[in-house]
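Below are some notes on one helix and on the pockets. Please read them with the model open.

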Amino acid sequence: MSQTVRGVISRKKGEPVEVVEVVIPDPGPGEVVVDVIACGVCHTDLTYRDGGINDEFPFLLGHEAAGTVESVGPGVTNVEPGDFVILNWRAVCGQCRACKRGRPWYCFDTFNASQPMTLTDGTELTPALGIGAFADKTLVHEGQCTKVDPAADPAVAGLLGCGVMAGLGAAVNTGAVSRDDTVAVIGCGGVGDAAIAGAALVGAKRIIAVDTDNKKLDWAREFGATHTVNARELDPVATICDLTDGWGADVVIDAVGRPETWKQAFYARDLAGTVVLVGVPTPDMRLEMPLIDFFSRGGSLKSSWYGDCLPERDFPTLIALYLQGRLPLEQFVTERIGIDGVEDAFHKMHAGEVLRSVVVL
């Protein structure tokens, strides 16, 4: 039997979001209904609202969430009612060529729930990243639920569902930052600060944070940056090289995703160093650079999608580190808001006033 709950939707491109009644069907085969406890307000939700993902309106927004399994459908074995879970948008299939080659973090056929969630008039909703968690409850595939220690604060744990995992994984998984490496991170919002936290976690000896906002640079220091560079006042490339004995950083992470910041990352790395692009560019952005520079500098140029994570591998470990006091995930939560505060949270995010607003349900 279906149930009706509150949810935040976007009906038309660029228009303010609305809190409406959403119909959640009973879980079918392989599906799970999750009682959402908390969901972070991620920039991707704003991109959905503004039509930057696709035009499959109306969207049920929200995806960076934690909650409790309420009910499961036939054949579900990963979780059971009462489990505390983080939702994820990489429910790997196990059958595509990436999975079969032992690289499931590149899975090409991830799972979502089969049944649609709808408005009360039957209009089908498109859930953001296949989740739709700005709602009292949501319907997902069982593989989108990762069981973790219930001692974790849901408002903190849910952030691993997207932005924090993207940044931390860009450093640890994609960039393979290790002890005594030098690291530079360009862009110190939530994703960039998560990359800084990840680099600090694994013992990088020097972590250089770059931004144009001194408030964000203050945040970066709280997550482990050893040096900060205001790019409005100093040349980031020259300053990063000066801070790394003239060589450049071993790993440079671009958490902005613009041609100018990617070029800064490229030229600020050491010979044979690594550039990791985790900031998301728009389709119209282009690069123009001398090809000889790619040839002569060597190293690796990588992009990081969801921090190259495997939720079932990474989420429990990171929650354990957080509970041990070794990973300051709670510092990402700037404010806790109600379900009717999402539109205001978008404005605060755009203005750079918050790392994360978290909807608590």
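1. The model is predicted. Its largest pocket is lined by 50 residues. Nearest the centre of that pocket lie H43, A255, V256, G279 and V280. The volume of the largest pocket comes to about 1700 Å³.

2. Several helices and one strand each give at least two residues to the lining of the largest pocket: α1, α4 (163-174), α5 (190-201), α6 (214-222), α8 (259-267) and α11, together with β12 (206-211). By residue type, this lining holds 26 nonpolar, 19 polar and five charged residues.

3. Strand β10 (145-147) and helix α10 (311-323) each supply at least two of the lining residues. The lining of the second largest pocket splits into eight nonpolar, five polar and four charged residues.

4. Helix α11, which also contributes to the lining of the largest pocket, spans residues 342-350 and has V342, E343, A345, F346 and M349 as its buried residues. These lie on the same side of α11, because they cover an arc of only 155° around the axis.

5. Which elements do the buried residues of α11 pack against? They pack against the strands β1 (3-10), β17 (335-337) and β18 (357-360), and against helix α1 (43-49). Helix α1 is also among the elements supplying at least two residues to the lining of the largest pocket.

6. One backbone detail follows α11: just after the helix, G352 adopts a positive phi of about 75°.

Key: Residues are numbered from 1 along each chain as its sequence is written. This is a predicted model: local features need pLDDT of at least 70, side-chain atom pairs count only at pLDDT 80 or more; totals for chains, interfaces and linings use all residues. Side-chain values use heavy atoms; hydrogens and water are left out. Buried means under 20% relative accessible area, exposed over 50%, partly exposed in between (1.4 Å probe, protein chains only). Helices (H or I, at least four residues) and strands (E, at least two) are DSSP runs, numbered from the N terminus. The arc is that of the directions from the helix axis to the C-beta atoms. Contact means heavy atoms within 4.5 Å. On a 1 Å grid over the protein atoms alone, a cavity is a set of points where a 1.4 Å probe fits but cannot get out, and a pocket is an open set with protein on both sides within 12 Å along at least five of seven lines; lining residues have an atom within 4 Å of a point. Grid points are joined across faces, edges and corners, and a volume is the space filled by probe spheres set on the points. Ala, Val, Leu, Ile, Met, Phe, Trp, Tyr, Cys and Pro count as nonpolar, Asp, Glu, Lys and Arg as charged, and the others, Gly among them, as polar.
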